[in-house]
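Colleague: I would like a close look at a single part of this model. Please take me through it step by step, in plain words.

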Amino acid sequence: ISILVGCFVASKKISNNGWFWGLILGALYTVLSFLIFSILDGEFRFTISLLNDLVFGAILGLISGIIAFAIKK
C-alpha cells in the first residue's frame, strides 16, 4: 500500500513513464526498508530473501506506477 501511495504522489509531479518511476520507487522503498530494519536489528545480512524482496518490490512498484498514472489521466 505504501508503494501505491508513493506512486500516486509521484504521479502528481511526473507526467510520463509511470511504469519506470513506479519500478524505481518500489525498489527504493525495499532498499530503504531493508536498511532501516537492519540498523534496528544491528546486523546486515545479504541473503536470497533480500533479492526476492527487491524483485517483488520493484514489480509491485511497476504495477502501482501503471495504475497511479492511468488513474491520473
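Modeller: A helix here is a DSSP run of H or I with at least four residues, and helices are numbered from the N terminus. With that in hand, take Cys 7, which sits in helix H1. Keep in mind that this is a predicted model. The chain averages a pLDDT of 88. 99% of the residues score at least 70.

Is Cys 7 buried or exposed? Its relative accessible area is 1%. The cut-off for buried is under 20%, so Cys 7 counts as buried.

Now look at what Cys 7 touches. Set aside residues up to four places away in sequence. Cys 7 is then in contact with Gly 22, Leu 25, Gly 61, Ser 64, Gly 65, Ala 68 and Phe 69.

Several H3 residues are buried: Leu 50, Gly 57, Ala 58, Gly 61, Ser 64, Gly 65, Ala 68 and Phe 69. These buried residues pack against helix H1 (2-13) and helix H2 (18-41). The spacing is worth a thought. An α-helix has 3.6 residues a turn, so residues three or four places apart point the same way.

Between H1 and H2 there is a loop, and Asn 17 is found in it. Phi of Asn 17 is near 55°, a positive value in a residue other than glycine. Most residues other than glycine have a negative phi. Asn 17 is partly exposed, at 41% relative accessibility.

Finish in helix H2, at Ser 38. Ser 38 is buried, with a relative accessible area of 6%. What lies 2.8 Å from a polar atom of the Ser 38 side chain? The backbone oxygen of Phe 34 does. Leave out neighbours within four places in sequence, and Ser 38 is in contact with Glu 43 and Phe 44.

To sum up, Cys 7 is buried in this model, and its contacts include Gly 22 and Gly 61.

Key:
Residues numbered from 1 in each chain as written. Predicted model: local features only at pLDDT ≥ 70, side-chain atom pairs only at ≥ 80, totals over all residues. Heavy atoms only, no water. Buried < 20%, exposed > 50% of the residue type's maximum accessible area, 1.4 Å probe, protein only. Helix = DSSP H or I, 4+ residues; strand = E, 2+ residues; numbered from the N terminus. Contact = heavy atoms within 4.5 Å. Polar contact = N/O pair within 3.5 Å; in protein donor to acceptor, adjacent residues only side chain to side chain. pLDDT = per-residue confidence, 0-100.
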